[in-house]
Amino acid sequence: MTSARVEILDPLLGAEGAEAMLRLCEGFGGYGSYAEDKTNAVELAPELAQRHDAAVNFVRTGGRFGRREDPRVLAARTNYFRETYAYDDDVHEGISPFMHHEAFLDAARRVHGRPLVVPNIVYANLLVPGQELSVHTDVPEFRGANRKRLPQWLMVVMHHSGLFDAWRRRIATGIAYFGRCEGGRLAYYPDGAEGAPRTLAAKHDTAAVLDTDSVFHGVDRVAETKPLPPLRPGMRLLFEDGGWTVRDGEKALARYDRDEVRFSVSWKAYCYADEAEQRLVESHADDLALPGILERLEADLRERGRLAGERPADADFALLMIDEYVRFPQPEPAAAPAAAASS
Ligand SMILES: [Fe+2]
């Protein structure tokens, strides 16, 4: 396969613009933990986590370096903080110049080879010392299938199966870094799960633009300058008195300097071949629907020899699909023993 295109923007905004993003981040005040979004309208195998694929892989492999740790510690490592700066027309004051930055639009055009780029989401992600993000691909979207309607693992399965490419909405993701924390490099697999990973430092005022729905990626551990607190959903990260505090209700659990916390901003844009494609999305004329999606996957599994007889119950069917289609990169074997000893 050819390498996926990854555009690096360095510098991204320039000194003044980058400083403004840091002030915006701090001025936003508080960030919630990235709890699971269980709001999809159609229930299918509700016993599975939304990102069952990535969570199970992380616990099974111990992440990119195969570190073996208590699942509760692994959960705290990945329970990072997020808030939304823009979602469709709901745009936080001050984020517009970033959202519509010409360099992002150009890079997105190059990533997907599509000229019509429409930014729609900006998220802020904050990781404290000792946190990391397990390797995953993002939740893709299809005409008629998105995270508001269907479980996230199903969209991931759909994309990795390759069976629904004609319906996939191309999304370019920009990941921008502001601040001066140590560690927390982006690890990504531009040559697919079998290829070697590359890493990119989370350098102040730079960004990478790529198709994160297709390219596996994760975040290496942020320098563990302080012990990792037992972070759980419901906790908050607040900017107070010139630094960051993790609070569990009123109780302060940890305190960090500005430069210990990793701040990145995720930018997402739809990329269209032309206005006709944009109109097709808006008209919902050829939207996929759940019964057809499952029939197509079932037929493919039978062809591959993975299924005979009746279709299993939803949860078992889901696990079979995740196992068959979502092939994660393997941990790096050479690094495993040393990393385990030093972690
Ligand atoms: Fe991601």
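In this predicted model, helix α6 (residues 152-161) packs against helix α9 (residues 314-325). Two packed helices are described by the angle between their axes and the distance between the axes. For α6 and α9 the angle is about 40°, and the axes lie 9 Å apart. Angles under 35 degrees count as roughly parallel and 65 to 115 as roughly perpendicular, and α6 and α9 are therefore oblique to each other. Their crossing is left-handed. On the α6 side the contact is made by Trp153, Val157, His160 and Ser161, and on the α9 side by Ala318, Met321, Ile322 and Tyr325.

The next topic is a sheet. Four strands form an open sheet in the order β6-β12-β9-β10, and their pairing is antiparallel. Why is one side of β6 and of β10 left without a neighbour in the sheet? Both strands stand at the edges and have a single partner strand each, so one side of each has no neighbour there. From one strand to the next, the twist averages 20°. The pairing of β6 with β12 is antiparallel and runs over two bridges. In one of these strands, β12, His217 is the bridge partner of His136.

| β6 | 133-136 |
| β10 | 198-200 |
| β12 | 217-219 |

Last comes the protein as a whole. Its secondary structure comes to ten helices and 16 strands. The radius of gyration is 20 Å, and the globule rule gives 20 Å for 343 residues, so the protein is as compact as a globular protein of that length. Along the principal axes, the C-alpha trace spans about 60 × 50 × 40 Å.

What share of the 343 residues is buried? Buried residues make up 37% of them. Contacts can also be sorted by how far apart the two residues are in sequence. Among contacts between residues at least 6 apart in sequence, 80% join residues at least 24 apart.

Key
Residues are numbered from 1 along each chain as its sequence is written. This is a predicted model: local features need pLDDT of at least 70, side-chain atom pairs count only at pLDDT 80 or more; totals for chains, interfaces and linings use all residues. Two strands pair if DSSP finds at least two bridges between them. Axes are lines fitted to C-alpha atoms, for helices over the stretch in contact, and angles run from 0 to 180 degrees between N-to-C directions. The radius of gyration is taken over C-alpha atoms; the globule rule is 2.2 Å times the number of residues to the power 0.38. A residue is buried if 20 or more other C-beta atoms lie within 10 Å of its own, exposed if 12 or fewer, and partly exposed in between; C-beta atoms are placed from the backbone. Two residues are in contact if their C-beta atoms, placed from the backbone, lie within 7 Å. Angles under 35 degrees count as roughly parallel, over 145 as roughly antiparallel, 65 to 115 as roughly perpendicular and the rest as oblique. A crossing is left-handed if the near helix is turned anticlockwise from the far one by less than a right angle, and right-handed if clockwise.
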